[in-house]
Amino acid sequence: MFGQANVLAAGQAAFPPSVEDFYLPAIVPWGAENAPWFTKFTLMVWIAVGALIIFFLATYRNPKLVPTKKQWFAESIYGFVRNNISVDMIGHQGVRFAPYFTTLFCFVLLTNAFAIIPFFQISPNSHIAFPAILAVISYVLFNYIGIRHHGFGKYFKHALIPPAPWYILPLLIPIEAFSTFIIRPFSLAVRLFANMFAGHMLLLVFTLGGFAMLNANAWLAPVSVVSWVMTVALTLLEALVIVLQAYVFTVLSASYIQGALAEEH
């Protein structure tokens, strides 16, 4: 973000930024034509995955009965997700899904956090492809769990046929099918994407807006300070959104699995 601001200040960039700015160029030393897929987003995802693997391996390499600070921190994260998401949403069966939900929560949280980390300052989840893949994983999981628990026929009967009079079922069944198998993964992905996309655009516009006003007219210089103060305030708000969206994404995934395991519609 601040790199773009410096370019704007030098008069080398167009304002305002566009959606095309989210299609990042490749960043490989051996030539972009050889690895066009390796962008800043790819690097951030790899860093997030590596950081999570190293963190949990390091904290549990030599576990203690009286936990160290690192072990306590890792156990607190797992305990929070297990007790406040898995068990609260699914019940006693939720314990077996706690590792998945913990991984999902931590991954979404860390990739969201790149939005306010200096030199990154954009989240991979600002690009619809990454939330879409996460939504597809949860979508496949809750359908698989439902089919395995109930059987293929019974699962789709519960999912598609609500307890309603027979004459209204021709109307309700397509609605239930659309809601369960299309709207759920779509809304799961779009909610995360839209929040991170909007947050990045707001931070970018207020930051670049300050430079634009500073360069446009001497009378607007004091106003540019207001724009940058707003950037700081929005960064604090974005930090809250980062945590909230990771929590919401995980809770909704848990609720879909709970619905797939439920005996009643």
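1. Apart from neighbours within four places in sequence, Ser227 is in contact (heavy atoms within 4.5 Å) with Phe206, Gly209, Gly210 and Met213. Ser227 belongs to helix H8, which covers residues 221-261. With a relative accessible area of 6%, Ser227 is buried; buried stands for under 20%, exposed for over 50% and partly exposed for values in between, using a 1.4 Å probe and protein chains only.

2. The basis of these values should be kept in mind. The model is predicted, with local features needing pLDDT of at least 70 and side-chain atom pairs counting only at pLDDT 80 or more, while totals for chains, interfaces and linings use all residues. Residues are numbered from 1 along each chain as its sequence is written, and side-chain values use heavy atoms, leaving out hydrogens and water.

3. The protein chain contains 8 helices and 0 strands; helices (H or I, at least four residues) and strands (E, at least two) are DSSP runs numbered from the N terminus. Read from the N terminus, the order of elements is α-α-α-α-α-α-α-α. Of the 265 residues in the protein chain, 37% are buried. Where contacts in the protein chain join residues at least 6 apart in sequence, 67% of them are between residues at least 24 apart. The protein chain exposes about 14,900 Å², and 73% of this comes from carbon and sulfur atoms; areas are by the Shrake-Rupley method with a 1.4 Å probe, and for residues only the protein chains shown count as cover.

4. Helix H2 runs over residues 40-59, and its 20 residues should span 28 Å at 1.5 Å a residue; the end C-alpha atoms are 28 Å apart, which agrees. The expected span is 1.5 Å times one less than the number of residues. Phe41, Thr42, Met44, Val45, Ala48, Leu52 and Thr59 are the buried residues of H2. They pack against helix H3 (69-90), helix H4 (98-113) and helix H5 (129-150).

5. The buried residues of H4 are Ala98, Phe101, Thr102, Leu104, Phe105, Cys106, Phe107, Val108, Thr111, Asn112 and Ala113. The length of H4 also checks out: its 16 residues should span 22 Å, and the end C-alpha atoms are 22 Å apart.

6. Phe142 sits in helix H5 and is buried at 2% relative accessibility. Not counting residues up to four places away in sequence, Phe142 touches Tyr155, Thr180, Arg184, Tyr256, Ile257 and Ala260. Phe142 and Gln258 are separated by 116 residues in sequence, yet their C-alpha atoms are 8.3 Å apart in space.

7. Ser253 is another residue of helix H8, and its relative accessibility of 2% makes it buried. Its side chain makes a polar contact with the side chain of Ser138 at 3.0 Å. A polar contact is a pair of N or O atoms within 3.5 Å; within protein, one must be able to donate a hydrogen and the other to accept it, and residues adjacent in sequence count only if both atoms are side-chain atoms. Beyond four places in sequence, Ser253 is in contact with Phe101, Leu104, Ser138 and Leu188. Phe101 and Leu104 are among the buried residues of H4.

8. Most residues other than glycine have a negative phi. Phe119, which is not a glycine, has a positive phi of about 75°, and phi of Gln121 is near 55°, also positive. Are they buried or exposed? Phe119 is exposed, with a relative accessible area of 77%, whereas Gln121 is buried at 9%.

9. Trp166, Tyr167, Ile168, Leu171 and Ile175 make a nonpolar surface patch of about 610 Å². Patch residues have over 30% relative accessible area and no salt bridge; like charges are joined within 9 Å and nonpolar side chains (Val, Leu, Ile, Met, Phe, Trp, Tyr) within 5 Å. A salt bridge puts a side-chain nitrogen of Lys or Arg within 4 Å of a carboxyl oxygen of Asp or Glu. Tyr167 lies in the loop between helix H6 (152-160) and helix H7 (169-216), and is exposed at 58% relative accessibility.
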